[in-house]
Protein chains: 2
Amino acid sequence: MTLPRPQIGDTIQSLSTPLPVIDEDRLAGNIKRVQDYMSAHNLAFRPHIKTHKIPALARQQVEAGASGINCQKITEAEVFADAGFEDILITFNILGADKLARLAALNERISGLKVVADSIVTVTGLAAYFAGRKPLTVLVECDTGGGRCGVQTPDEAAALARGIVASKSLIFGGLMTYPKPHTEAAVEHFFIATMAYLAVDGIECPIRSNGGTPSLFSAHLVPTATEHRAGTYIYNDRSMARAGHCSLDDCAMHILATVVSRPTPERAILDAGSKALTSDLLGFSDYGLIVEYPDAVITGLSEEHATVDLSKVEGIRPEIGERVRIIPNHTCVVSNLFDVMTFHRDGIVTRVEDVAARGLVW
Amino acid sequence: MTLPRPQIGDTIQSLSTPLPVIDEDRLAGNIKRVQDYMSAHNLAFRPHIKTHKIPALARQQVEAGASGINCQKITEAEVFADAGFEDILITFNILGADKLARLAALNERISGLKVVADSIVTVTGLAAYFAGRKPLTVLVECDTGGGRCGVQTPDEAAALARGIVASKSLIFGGLMTYPKPHTEAAVEHFFIATMAYLAVDGIECPIRSNGGTPSLFSAHLVPTATEHRAGTYIYNDRSMARAGHCSLDDCAMHILATVVSRPTPERAILDAGSKALTSDLLGFSDYGLIVEYPDAVITGLSEEHATVDLSKVEGIRPEIGERVRIIPNHTCVVSNLFDVMTFHRDGIVTRVEDVAARGLVW
């Protein structure tokens, strides 16, 4: 049993809800706007495919000028390698024999595979497994303030880079960070200081990879960076609009939903719950924006229901059977719930793509 | 590309992370404990399959004594009808020609299909579509305080029931509620009052369906109910343990994860993020319990990373490469992320089941 697949030419109003749909023109506009910015600043751009998990979309990004792609998982990278992509950076520490075997097989298949490491444990594991195989390119992940993975200081970064250089089976590819938003000076300082340490040993640092959709339009404030990575920008979402990185009119993803109940004058229930929207709040206190009723508040989600408070909606309120469009708080996690994604222009379906890397969790 | 499927006999320690696994003995214990309680109280029990979405598990529930199953979506019900289930209650308002067509086809196929309705709009739509077809059984959904769907008063419930009875194409099946926890008196009162109104017109009310894992072990406090519905109890989770409905040792689902980074003495990063655990908090301020390090706190999730605060962990702290088990806050939404579910006894894989109804969102 799979859901019937929407067909090209269908009106999205005829499709069963809940269903995410992507506006082709907004999608194309998002790709162009960001690529134009990067090109204007001579920054290589590496889209993160976690947001869409669809090779055809990565192809659009590369055709627009992107220099390669970013994956978070080996299995994601395998899907995109199958689709012909060669320049893939996996921004994750790869550990364990099971994953190293997959990684080595992938490295044999494509020319531009790169991973990151932030500890000598990860580097030692990679070096041992790749001994006698095609060498693997490894970047050092740096915590420039983001507070997730990454070595803590330029000193540590340089030490780990030296460990990579010392290994015959690994190639030192450079530095990578996923920064805290609006901390460009910290990123720049971390990169410059690390490169200075490495220069003493004559070690080159070809790639300096900065990242994040929140840092997208200030990427030029890190002149040492050679490339920027971002994912969410391709669809955009409510959190990106709130942060000023796009307008609500740049949000390409809507979740179509139907009003299934109006138990009281102030309450509506939609058929999109946490299994369609996810519970990601990203700082909001509600679960998405209803385009047709911006004063309605999605106060809670069950798995298959959204509870909507209509008390602030003046005038006409939604009726049972009415369809609405929801801009999700976070688009990347919505993609991960659906097996196919439906695209449209002015409400007419233009194509339907498999979310090919959905569910590939490692 | 799909993930390699774990094999019977594999040790779960050898499987790639992140991965949810189900302890067979805890699963069987949960099924037995709840069925024994229901049988002792002469209550029919109708498990909600939203938690597992796996026909083989529903078969275990029915073999233990369950009287039928509960689905939330037509497509879920279709999967379970394909697997041979006949007594299926879909606790959702079905609206729209697309869904009515599927519902009618399903009603032709199985003997015991039932749906709910909470408005005259839904009832009118069902009555019109089913005219001239095999009659459909419809229960009235009652809001007894849960604040989601449902008619608001016994008076409204009786009026809607009369509307169903008046339709030649529908059969009035009874009443259904998804109550607020610990409000048994309110549920009992709602059922009794509605039945009293209907008795005046000579309308019988064969099913009175109460529900919810939180209300499970107080189900006997609603003597008018003829059946109880619950889903989460089969796996149980951290939120159920906190509410006292099970112990942590009854939690059958763990998410296996690997420590991929230890950037600082007080921070660990795991490879299980919101695409493995979901962002469901259910009242917690952190994202799951690490069995081996109960004093560690999962303070944040990215899509593929968990950030763990180790500051309260005394003694040995987790090392890079170490594997841990996480009890999720909410098990039902985790099921929905994975295409297969792996079962084990004492760490040895016993079976691997497709999450057959995953992704069937309407």
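1. A:P18 lies in the segment that precedes strand 1 (19-23) of chain A, and the peptide bond leading from A:T17 to A:P18 is cis, with omega near 0 degrees. In chain B, the bond from B:T17 to B:P18 is likewise cis, with omega near 0 degrees, and B:P18 sits in the segment before strand 1 (19-23) of chain B. Helices (H or I, at least four residues) and strands (E, at least two) are DSSP runs, numbered from the N terminus.

2. The model is predicted: local features need pLDDT of at least 70 and side-chain atom pairs count only at pLDDT 80 or more, whereas totals for chains, interfaces and linings use all residues. Residues are numbered from 1 along each chain as its sequence is written, chains are lettered from A and ligands numbered from 1 in the order in which they are written, and side-chain values use heavy atoms, with hydrogens and water left out.

3. A further backbone feature concerns A:D346, whose phi is near 50 degrees, a positive value in a residue other than glycine. A:D346 belongs to the loop between strand 16 (340-345) and strand 17 (348-354) of chain A.

4. At the interface, 64 residues of chain A are in contact (heavy atoms within 4.5 Å) with 64 residues of chain B. The buried area is about 5400 Å², with 56% of it given by carbon and sulfur atoms; this is the accessible area (1.4 Å probe) that the two parts lose on being put together, summed over both.

5. Across this interface the rule finds 10 salt bridges, each defined as a side-chain nitrogen of Lys or Arg within 4 Å of a carboxyl oxygen of Asp or Glu. B:D271 forms a salt bridge with A:K99, where the closest N and O atoms are 3.4 Å apart. The side of chain A that touches chain B draws at least two residues from each of several elements, including helix 4 (97-109), strand 10 (253-264) and helix 10 (331-335). By class, that side has 22 nonpolar, 22 polar and 20 charged residues. Here Ala, Val, Leu, Ile, Met, Phe, Trp, Tyr, Cys and Pro count as nonpolar, Asp, Glu, Lys and Arg as charged, and the others, Gly among them, as polar.

6. The count comes to 10 cavities of 30 Å³ or more. On a 1 Å grid over the protein atoms alone, a cavity is a set of points where a 1.4 Å probe fits but cannot get out, and a pocket is an open set with protein on both sides within 12 Å along at least five of seven lines; lining residues have an atom within 4 Å of a point. Grid points are joined across faces, edges and corners, and a volume is the space filled by probe spheres set on the points.

7. The largest cavity has a volume of about 120 Å³. Its lining comprises 16 residues, of which A:S274, A:T278, A:L337, B:T278 and B:L337 are the closest to its centre. Helix 9 of chain A and helix 9 (274-277) of chain B are the elements that give two or more residues to this lining, which divides into 4 nonpolar, 8 polar and 4 charged residues.

8. The second largest cavity, of about 90 Å³, is lined by 13 residues, with A:D271, B:F92, B:N93, B:I94 and B:K99 nearest its centre. The lining of this cavity holds 6 nonpolar, 4 polar and 3 charged residues.

9. The second largest pocket contains about 1100 Å³ of space. Among its 44 lining residues, A:T2, A:D339, A:R358, B:D339 and B:R358 are the closest to its centre. The lining of the pocket divides into 26 nonpolar, 8 polar and 10 charged residues.
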